[in-house]
Amino acid sequence: MEQILVIEDDIQIQNFMLYALETAGFSVQGTAKGKEGLALALRGDISLVLLDLGLPDMDGMDVLRRLRENSDIPVIIVSARDQDKEKVTALDEGADDYLTKPFSATELMARIRVALRHYNKMIGKEKKEEDDGIYEFRGLKIDNFSHMAYKDGIEIHLTPLEYQLLLLFIKNPGKVMTYRTILKTIWGEGYGEDTQVLRSIMASTRRKIEENPAKPKYIETEIGIGYRMKES
Ligand code: CA
């Protein structure tokens, strides 16, 4: 059974998460302290960490950094609505996703499912799609051998950058991607913060894959953070 650790000092929210997780069949542990949480997370039997950024004894960001020095288990940040900057920093520092308070049990489970799926794929518990170079998701298809892209079986003509962008998102359904992560993946280190060029490539990609680019069905905007390939 997968064990999930909740590091959250708001006891009401902690209890809500513990209850929701137990109901969903996970084994759970909760703590209000960053230090204790870090020790528990590093013990080796935790599958995923839900981490509040504002903790009484230790900055949540430091918990994340210390954890990342020794472990790559999924971490989902739990944060307040006005902490967009912190969320982006946490994602760039290796957090897998974030939840903004208040959130529902359904959202919590959706985020956990995505994070665990990506992690299990990464460590090889699930068959890697890269094996055959074909990626398919919700009617979109990328054949990474022939470098062709399709929507509902019809070829779509993408520029090399649009292709790289779509490939990144089709490989990561449900996962939030920060601007920096996208820029780094597509252009490599050094393209740092040029989000304007990214926005324009996103716009042209959307025109090719979306029926209504103003109301995207595939890649949605996470304001102030980045983008996410919608799961449904
Ligand atoms: Ca807190």
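1. Helix pair. The axes of α6 and α8 come within 10 Å and cross at roughly 80°. Axes are lines fitted to C-alpha atoms, for helices over the stretch in contact, with angles from 0 to 180 degrees between N-to-C directions. α6 and α8 are therefore roughly perpendicular (65 to 115 degrees). Helices are DSSP runs of H or I, at least four residues, and strands are E runs of at least two, numbered from the N terminus.

2. Basis. This is a predicted model, where local features need pLDDT of at least 70, side-chain atom pairs count only at pLDDT 80 or more, and totals for chains, interfaces and linings use all residues. Residues are numbered from 1 along each chain, and side-chain values use heavy atoms, without hydrogens and water.

3. Contact residues. α6 contributes L161, E162, L165, L166 and F169 to the contact (heavy atoms within 4.5 Å). Among those from α8 are L198, I201, M202 and I209.

4. Main core. The largest nonpolar core has 27 residues. Such a core joins buried (under 20% relative accessible area, 1.4 Å probe, protein chains only) Ala, Val, Leu, Ile, Met, Phe, Trp, Tyr and Cys residues through side-chain atoms within 4.5 Å. L166, F169, I182 and I219 touch the most other members. α6 gives the most to this core, with 7 residues.

5. I182. Beyond four places in sequence, I182 touches L165, L168, F169, M177, L198 and Y227. Another core, of 25 residues, lies apart from the largest one and includes I7, A41, L91 and V176.

6. M1 lies in the segment before β1 (3–7). M1 is exposed (over 50%), with a relative accessible area of 79%. M1 still touches G25, F26 and S27, not counting residues up to four places away in sequence.

How values were computed:
Angles under 35 degrees count as roughly parallel, over 145 as roughly antiparallel, 65 to 115 as roughly perpendicular and the rest as oblique.
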